[in-house]
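Trainee: Hi, could we go through this model together? I have a few quick questions.

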Amino acid sequence: MKYLRKKFNLSRLAIKYSWLTVCVWMAITVAGLFAFSSLKFALFPDITFPVVVINASAPIETALETESQLTEPLELQLESLEGLKQLRSSTYPGQAVVNLSFKVGADLDASTAAVETALDEIELPPEAGFQVIPLNLNEAAAISYGVKGDGVSLDDLADIAEAEIIPPIADIPGVLRVDLLGMGERGSGAAAAAPGGGQTDLQNPPSLVRFSGEDVLAFQVIKRGDANTLEVVSQVEDEVRRLQADLPQVELVLAATQATYIREATQSTIDALIVAIVIAILVIFGFLRNWRATLITALAIPISLLGTCIVMAMYGFNLETITLLALALVIGIIVDDAIVEVENIVRHIEDGATPRQAALAATREIGLTVSASTLTIVAVFLPVALMGGTVGQFFKPFGLTVSAAVLTSLLIARTLSPALAVYWLRPGKGTREKGLGARQKGLGMRDQTETSKNPGLSNLSITDDPELDPELEANNYHLITEAPAGSIFAQGYDNLLSWSLKHRKTLIGLAIASFFAGVALIPLIPQGFIPKLDRGEFNITYTAPLPQLPEPTSQLAVSGANPENLEAGALGAQGPPPDQELTGANPNPIPNPLALILNESHQVAEQLEAVALQSPEVESVFTTVGLRGQPNRGRLYVKLKHDRSLTTAEAQDQLRADLPVLAGVTTSVEDIQFVDTGSEKPLQIELLGDDLEILNRAVQAIKTAIKALPGFVDVTATGEHNEAGSIVEIERHNRRRAAYVSANLSQDQTLGAATAQMVAAAETIIPPGVTITVGGDSARSDEVLGSFASTVVLSVICMLVVLFLPFKRLLEPLVVGLSLPLAIVGAMLALLVTQSDFGMASVIGLLFLLGLLDKNALLLMDYVNQLRRTGLSRNAAILKTGLVRLRPILMTTASTILGMLPIAFGLGAGAELRQPMAVAIIGGLMTSSLLSLLVVPVLYTVLEDFWSRTLKLFRLKESTAK
């Protein structure tokens with residue numbers, strides 16, 4: 001231990017070469033500023049969602065025959081592909097759409113090549129043909145503009161757009177292509193301009209466009225999967241301003257953009273981060289009452305953050321919701337190390353040492369503790385960075401950002417802080433009464449008695465250690481064993497700790513009861529995946545009935561399908577437009593049926609749009625008729641006013657109630673998705689079975705039951721076009737027949753409760769031989785909790801291993817491990833009171849608590865061990881340690897809790913995502929810090945006594961056996 005304590009004392013070298021230390025950190029600060037300027041803003045981490053779609057057709061008359069001759073051979077050939085996560089398909093008469101979802105982060109080009117190679121060897125019916133369509137779900141629409149002009153026809157506007165507007169925008173770096181929308185049945189003939197040239201009909205299907213009640217054209221800018229949305233949008237906006245000045249006869253109107261919300265959400269998180277920093281500094285000053293010490297401690301915050309930016313730039317991370325949350329969270333941790341170091345130096349100066357002596361002695365005394373506790377935080381968060389699946393991709397930037405920040409803060413606390421303390425701190429003028437940590441010459445009768453039993457212990461020289469620094473040895477500097485006690489609060493804690501040591505069973509019982517109380521609260525807390533965000537924007541999607549056409553072709557039947565269960569890939573490639581020929585497609589004998597379908601779908605859109613625009617909360621409506629290549633489907637993008645009186649969820653519920661009920665038309669009011677997954681609803685259950693008629697009857701019965709439940713809206717079911725003896729749609733999942741029931745939730749319904757109600761209703765209906773699983777956000781929520789449980793176990797194991805190395809015994813690691821559950825009751829109670837979701841955001845908060853709590857426990861136990869080595873009894877050492885370490889523990893806890901308050905208040909865009917995390921942290925810290933100040937010392941004594949008795953019993957048995 002002495003060897004480790006000396007080796008970990010980097011402060012001695014930092015103080016000896018103080019100018020070099022300062023210069024190194026100045027260089028890191030400058031490099032951090034450059035790294036920060038290179039970071040890009042985004043909403044979420046850059047994650048690749050690779051999807052490959054096979055759109056196959058053959059001259060087959062029925063869906064059942066198509067399934068056996070086309071769908072099943074394709075699935076059999078593709079199911080063994082490496083990295084394949086999920087295989088879904090939709091089958092219609094003469095057509096099969098197979099959707100392959102690969103593991104998140106997989107290379108899309110490699111996955112596409114593997115699919116093409118596998119299909120080279122497949123045997124399909126004669127005249128069958130197929131297309132392989134790679135889809136990167138990150139290739140999303142970044143911004144859209146309406147194109148209109150007084151007295152200018154749509155045809156003339158289209159000519160202007162194709163010649164003068166689209167080409168320069170398509171040449172902007174990061175732009176994948178620019179789609180011209182609103183050309184009606186001409187849509188498939190109009191170019192979807194791309195930087196490299198070329199056209200693709202599937203990406204630019206026939207469509208009509210309206211903007212706030214007026215027929216217009218529109219162009220939609222699709223960004224590349226690896227491009228930054230804000231950068232692309234900023235350049236497009238600049239180009240549009242230039243074009244608008246050159247084209248006075250044309251008006252370019254902003255119709256939809258992702259950038260506004262991204263900017264607002266990231267700025268709100270940055271604002272909360274700045275407030276947290278200011279509050280942390282004020283808290284430190286309130287405790288230390290020394291502006292020099294406060295400045296030294298406060299410098300750790302910006303320098304640690306800038307050092308973290310260097311690591312973020314190296315890994316290619318963005319300043320997005322997850323990494324900004326990580327930076328906001330670690331404010332309490334990165335200032336923690338500096339607080340402990342500087343507070344300890346100040347304590348030694350208050351005891352009479354010179355700043356240099358105090359810095360050398362205090363850093364040697366605390367160095368191992370600070371280093372071990374910080375390394376345990378890294379041990380907690382590195383497994384988070386290694387989590388698998390979609391959740392792991394989201395958490396990887398979080399885990400690495402936190403780890404980089406705390407390691408940087410450790411180096412600052414061990415080097416820069418003590419080097420500055422030597423030159424900036426000044427000895428006090430005999431004022432030992434100030435602050436929570438003030439000194440007093442006596443500690444009461446109990447401590448005087450203890451000292452009398454051990455003469456000389458209170459001034460035991462640490463120069464008994466021959467490996468000590470020469471300067472300390474020359475000045476005969478002493479380890480401080482005189483505990484601070486100058487306040488009523490400190491004296492109250494001293495009395496409470498003394499009582500706890502005398503009533504250990506009672507305190508342990510209370511701790512166990514609090515843990516079980518926290519666990520019992522979990523079922524009462526709303527559960528979800530990602531909280532519902534008040535974005536001020538949402539979509540209304542609709543499906544209109546197909547008109548009665550003589551002898552409709554199978555292609556038109558496909559266009560009328562509404563496979564809600566499919567992922568984005570399948571929906572995005574539902575099939576080519578009805579006027580596009582594929583091998584095996586029959587010619588359409590109807591003259592221009594597409595125009596008829598678009599026209600009737602357009603009329604439906606007008607009626608829905610008129611109702612939406614009547615709402616005083618709505619600013620604009622951007623309507624696209626002909627969604628995803630299906631002319632009878634459409635989407636209304638509704639933008640709410642900034643100064644609205646209703647939340648987004650309230651406005652959605654109001655519009656659901658006001659939208660007209662149109663014959664044969666289904667509507668769905670949906671949130672804007674982070675990643676476009678094909679309008680998949682948050683709540684979904686899947687039925688798997690072999691008999692199609694049984695599946696169809698079951699999903700229709702479940703749909704009827706779900707619609708009768710409160711809180712379930714926009715309920716849909718697959719297979720609604722199927723009839724007895726006439727199957728036109730077959731869904732399959734991982735080579736089994738499937739059927740789906742999907743629903744949106746009203747503002748008063750939570751995901752966890754809704755999932756339980758939906759599953760309970762379905763289980764009373766499903767017949768034998770049919771199995772049920774959950775999908776949508778419900779499945780993602782289960783993935784989060786499952787990944788979290790395994791990650792917590794791995795994190796705790798890593799933490800205990802790290803703790804074992806410096807202490808070389810199991811006692812301290814076991815005390816830390818057993819004290820971690822103390823945070824549950826406070827965190828769960830806070831989530832329950834605020835009705836915050838227990839989901840991805842609150843899970844981040846709980847992980848953060850693991851790292852913070854072990855630091856408090858180590859601060860206590862390491863100092864107890866140091867005092868006991870001077871000769872103090874265990875209880876006396878514990879009591880003195882409690883008072884000595886009370887101030888730094890309260891400082892770090894108070895700075896963290898108060899710094900989290902702006903986030904917990906739920907202010908600014910994206911606050912719903914940040915709030916559960918802050919609430920969980922505040923609640924957990926409020927209970928765990930209080931409990932750990934009492935439970936950790938008691939656990940320390942209980943486990944040590946248990947171990948001693950076990951050894952005595954073992955030795956007794958050995959001696960008896962001999």
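Predicted model: local features only at pLDDT ≥ 70, side-chain atom pairs only at ≥ 80, totals over all residues.

Trainee: Got it. Let's start with β7: which strands does it pair with, and in what sense?

Mentor: Strand β7, residues 208–211, pairs with strand β11, residues 618–627, in the antiparallel sense over four bridges. β7 also runs antiparallel to strand β8, residues 214–223, and three bridges join those two.

Trainee: Which residue in β11 is the bridge partner of Val209?

Mentor: That's Thr624. On the β8 side, Arg210 stands opposite Asp215.

Trainee: And how many residues sit between β7 and β8?

Mentor: Two, and the strands form a hairpin. Have a look at Ser212 in the turn, which has a positive phi of about 50°.

Trainee: Nice. Changing topic: how many aromatic pairs turn up in the whole structure?

Mentor: A search finds three. One of them is Tyr145 with Phe219, a stacked pair at 5.5 Å centre to centre with 20° between the planes.

Trainee: Where in the chain are those two?

Mentor: Tyr145 is in strand β5, residues 141–148, and Phe219 is in strand β8, so the pair links parts of the chain that are distant, 74 residues apart.

Trainee: Are they buried or exposed?

Mentor: Tyr145 is buried, with a relative accessible area of 6%, and Phe219 is buried at 0%. Another stacked pair is Tyr315 with Phe317, at 5.6 Å centre to centre and 20° between the planes.

Trainee: Why does Phe317 count as buried?

Mentor: Because its relative accessibility is 12%, and buried means under 20%.

Trainee: OK, now the surface. Which residues form the nonpolar patch?

Mentor: Phe285, Trp291, Leu295, Tyr423 and Trp424, with about 520 Å² of accessible area together. Helices α9 (291–315) and α13 (389–424) each supply at least two residues of this patch.

Trainee: What about Trp424 itself, where is it?

Mentor: Trp424 is in helix α13. Trp424 counts as partly exposed because its relative accessible area is 31%, which falls between the 20% and 50% cut-offs.

Trainee: Last one: what does the side chain of Asn55 make a polar contact with?

Mentor: The side chain of Gln95, at 2.8 Å. Asn55 lies in strand β1, residues 50–57, and counts as buried because its relative accessibility is 0%.

Trainee: Great, thanks for the tour!

Technical notes:
Residues numbered from 1 in each chain as written. Heavy atoms only, no water. Buried < 20%, exposed > 50% of the residue type's maximum accessible area, 1.4 Å probe, protein only. Polar contact = N/O pair within 3.5 Å; in protein donor to acceptor, adjacent residues only side chain to side chain. Patch = residues over 30% accessible without salt bridge, like charges linked within 9 Å, V, L, I, M, F, W, Y side chains within 5 Å. Areas by Shrake-Rupley, 256 points an atom, 1.4 Å probe, with all protein chains shown as cover. Salt bridge = Lys/Arg side-chain N within 4 Å of Asp/Glu carboxyl O. Pairing = 2+ DSSP bridges. Phe/Tyr/Trp six-rings, centres within 6.5 Å; stacked < 30°, edge-to-face > 60°.
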